[in-house]
Structures are given as C-alpha cells and as structure tokens.
Amino acid sequence: MSRSTQYIVVGQGIGGTMVSYFLHKAGLDFVVIDPALPSNASRVAGGVINPVTGKKLAKSWRIDELHPFALKIYQEIGDLLGKELVLQTRVHRYHSNPEDATKFDEQAETQDWFDNYILPLQINEPAINNTLGGFTISPALKIYGEELMDGWRAFLIQNGCFLEATFDHSQLETLASSIRYKDIEAQKVIFCEGWGVQHNPWFKDLPFNAAKGEALIVKIVGLLPAEVYLKGVFLVPLGNNLYYIGSTNEWVFTDDKPSAHKLEELERKLQKVLINLPYELIAHKAAVRPAVKNRRPLIGPHPEHNQLWLFNGLGTKGYSLSPFFANQMVAALQDQGNLDAEILLSRSR
Ligand SMILES: Cc1cc2nc3c(=O)[nH]c(=O)nc-3n(C[C@H](O)[C@H](O)[C@H](O)COP(=O)(O)OP(=O)(O)OC[C@H]3O[C@@H](n4cnc5c(N)ncnc54)[C@H](O)[C@@H]3O)c2cc1C
C-alpha cells in the first residue's frame, strides 16, 4: 500500500530522535526508518553534557545556549514519555599529573568564563586516588539515552510513524520537488545515519573524521555520591551501583566491535583511579563517532537536491548539540529561520 508523508527521517540515534521530536512538535507528518539494532553510537555514549572538556580545559562550543536548551528538551520529552531522562549533576575532575594542575591555574587566570563553570573540588571521594587535587565542573548533565531512544521509538510505533528497516539508498528516486522511496512519497528525506553516512552516496564525501570509541559498564559498590568523576576516564553513574567507564578514541580502525586492547586500556585506567574498591565488569561496548575535521556538525540540504537533507557530524557531543540544532533545522525546513553558517554543510565544499 502506498503512503504519502512530508518527511522521511533515516536513522534513530540521538540525531534522528531529536529531528523527529521537533517534527512531531511542529505538527508535521513523517516516518522514521531505522533497523533497531542493539547498538549505535548514541547507545554506546556516556550521555554526559560537560561544559569544560579536554586537556586544555576548553569551554565547549556554544555551551551557554546548548546546555539550558538541552535540559529543557530532555525534561519535556521525559514528561511526554513518563520517564526520568536527565540527571543534573557535576563533574569532579582530579588532576592526572602536575601539568594538569598548571593548565588549571593558567585557565583560571586568563578565562573570563571560568567562574561560571568551575568550583573548588566539591567531593574528596576517599575511594578515588586524589593526590594532586582537582576541581568541580558545574552544571553538567547525564542523559539516559537508551531509555530516551527506546521510549521515543515506542511512541513512534504507537503513532504509526516508525518503520523497522535499513534504508536502501539505491531505491530512492528524486522527483522534481519531492522523492519516492519504494512505496512512500515524501517532500524530503532527512539523513541522520551517524557513521552509516559512509554508505550514503550523496553525503559520504563530506570531511568526516570518524573516531571509534569503547567503554565499559562496571559495578562499583561504595562510591558516593552518585555523580560524575573524571581522572583519565569518566565514571558516570547509571543507578544501582552501575557506572559507565569511558571512553577511548581511535581514528584508525577496521571494525566497530569491542577490542581486547581497549578493554585492557580502560581497566588499567580504572584501576589507577579507584583505591581499595573492587569493581565487577558487566559489559564492554564500542561504536564509531561521526566526527568532522573542524568539529562542527554538518547540517542542511544537498547543494543539488534540495529534497535531501543531512543531520550529522555530531562528533563527541551528540547529546548537547542535537536538541538545539534539530530545533533550528526543523524551523529552517519550514522557512521559519536560518541555519547557522558554521554548521552548514556547504561550508566544506
Ligand atoms: C564511546 C563513546 C562515548 C561517547 N560519549 C558521549 C557523551 O558522553 N556525550 C555526548 O554528547 N556524546 C558522546 N558520544 C558521541 C555520541 O555518541 C554521538 O555524537 C552521537 O551518538 C551521534 O548520534 P547520531 O544519531 O548521529 O548517530 P548514531 O547514534 O550512530 O545513530 C545513527 C542511527 O542511524 C541508523 N542508520 C544508519 N544507516 C542507516 C540506514 N541506511 N537506514 C536506516 N538507519 C540507518 C543506525 O542504525 C543508528 O541507529 C560518545 C560516543 C562514543 C562512541
């Protein structure tokens, strides 16, 4: 039976979830196509929104706008789905070496935003190896991504707008101002495929710089309170004494599967952090981040086919970037606003 709709959304990671949420909110008609695999980057992610990151202690790009907007939207979707999707938390970051402490002093002296996000260390957790001191980053968020994506998929299924399938690019026909995909006619397709973009003939040649990442789920009893700790690796609370331990980065890789060498690296780092507190390994996960050379998302229409749009390049920060930019993109689709020049994919051609 043929079907007519305004938008086809390809992929339901955090990108496709946010795009379809804003289409729904705007009262637009759409169908989401995703194979519902047990893993994707959004399900392997720590789901942390951390305003100050990296060795250089840099403030995240546009975090002053992204953080409050993300908090509002995750709470709004949580209310709709009847689920608690956000933990408002802090990141207790312990220096790993003397250079970290020097960098901290340097940033504290020169960056005018520092006092908005950095506090003296709020928790001296006795189970954490903390000989060099540290500081606390606040506010931060932990998003429960799997609960969000499972809940949103159930909502889509209930509303008849989810198709469990892999989108076959060879079956897409571009018509004068619309598209046909198998028995579906739509005005536009929005590709939110994450690293699946490597198989997309229209967008695969954009300047992606994909990075494989791995993480562990462990059980640690006695680490209090349940907030985020960082010393070489993140320890992110998942509830019931479970912690997410992550993550690694690899730019040269042959598959997206968990590897023995990264398991060893993560366990070694975790053992360095915890003092006299045992842990039990529960799971080991891996996925590929759809990162971009200049670390900005890639969003907007194909230069020759205005019916084909991309929402990708979320890199290491999909949970903070996707609510804000999905909202912006859905407004642009309705001619109610423009996409920021920095995220336009035309910037890279
Ligand atoms: C180890 C690790 C830790 C991370 N930690 C964080 C973190 O703490 N905070 C943060 O903000 N970000 C984090 N990230 C980054 C984050 O995971 C990504 O930015 C984000 O998940 C990208 O979302 P996406 O929807 O673009 O891609 P994905 O989550 O990969 O989703 C793409 C979806 O599209 C589907 N798809 C692909 N091709 C097709 C097709 N042809 N037809 C139909 N469906 C298709 C896939 O099956 C998948 O479901 C982390 C990533 C990793 C790997």
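A residue is buried if 20 or more other C-beta atoms lie within 10 Å of its own, exposed if 12 or fewer, and partly exposed in between, with C-beta atoms placed from the backbone. The structure is a predicted model, in which local features need pLDDT of at least 70, side-chain atom pairs count only at pLDDT 80 or more, and totals for chains, interfaces and linings use all residues. Residues are numbered from 1 along each chain as its sequence is written.

View A. Asn240 lies in the loop between strand 15 (233-239) and strand 16; helices (H or I, at least four residues) and strands (E, at least two) are DSSP runs, numbered from the N terminus. Asn240 counts as exposed because it has 7 C-beta neighbours inside 10 Å. Its phi is positive, about 55°, although Asn240 is not a glycine. Most residues other than glycine have a negative phi.

**View B. Helix 8 and the segment after it.** Among the buried residues are Gly318, Tyr319, Phe324, Phe325 and Leu333. Asp335 is placed in the segment after helix 8 and has a positive phi near 55°. With 7 C-beta neighbours inside 10 Å, Asp335 counts as exposed.

**View C. The shell around the ligand.** The ligand is surrounded by 42 residues, the closest being Gly11, Gly13, Gly194, Gly196 and Gly318; a residue is near a molecule if its C-beta atom, placed from the backbone, lies within 6 Å of it. Elements that give two or more residues to this shell include helix 1 (14-25), strand 13 (211-219) and helix 8 (318-333). Domain 1 (3-44 + 147-207 + 294-348) and domain 2 (48-143 + 211-289) both give residues to the shell, so the ligand lies between them. The domain bounds come from an automatic or database domain assignment.

**View D. Leu85 and its contacts.** Leu85 is found in the loop between helix 3 (63-81) and strand 6 (86-94). Leu85 is buried, with 22 other C-beta atoms within 10 Å. Not counting residues up to four places away in sequence, Leu85 touches Tyr74, Ile77, Gly78, Ile143, Tyr144, Glu147 and Leu148; contact requires C-beta atoms, placed from the backbone, within 7 Å.

**View E. Two cis peptide bonds.** Ser138 and Pro139 are joined by a cis peptide bond, with omega about 0°, and Pro139 belongs to strand 8 (residues 134-143). The bond from Gly246 to Ser247 is also cis, with omega near -5°.

Conventions: Two residues are in contact if their C-beta atoms, placed from the backbone, lie within 7 Å.
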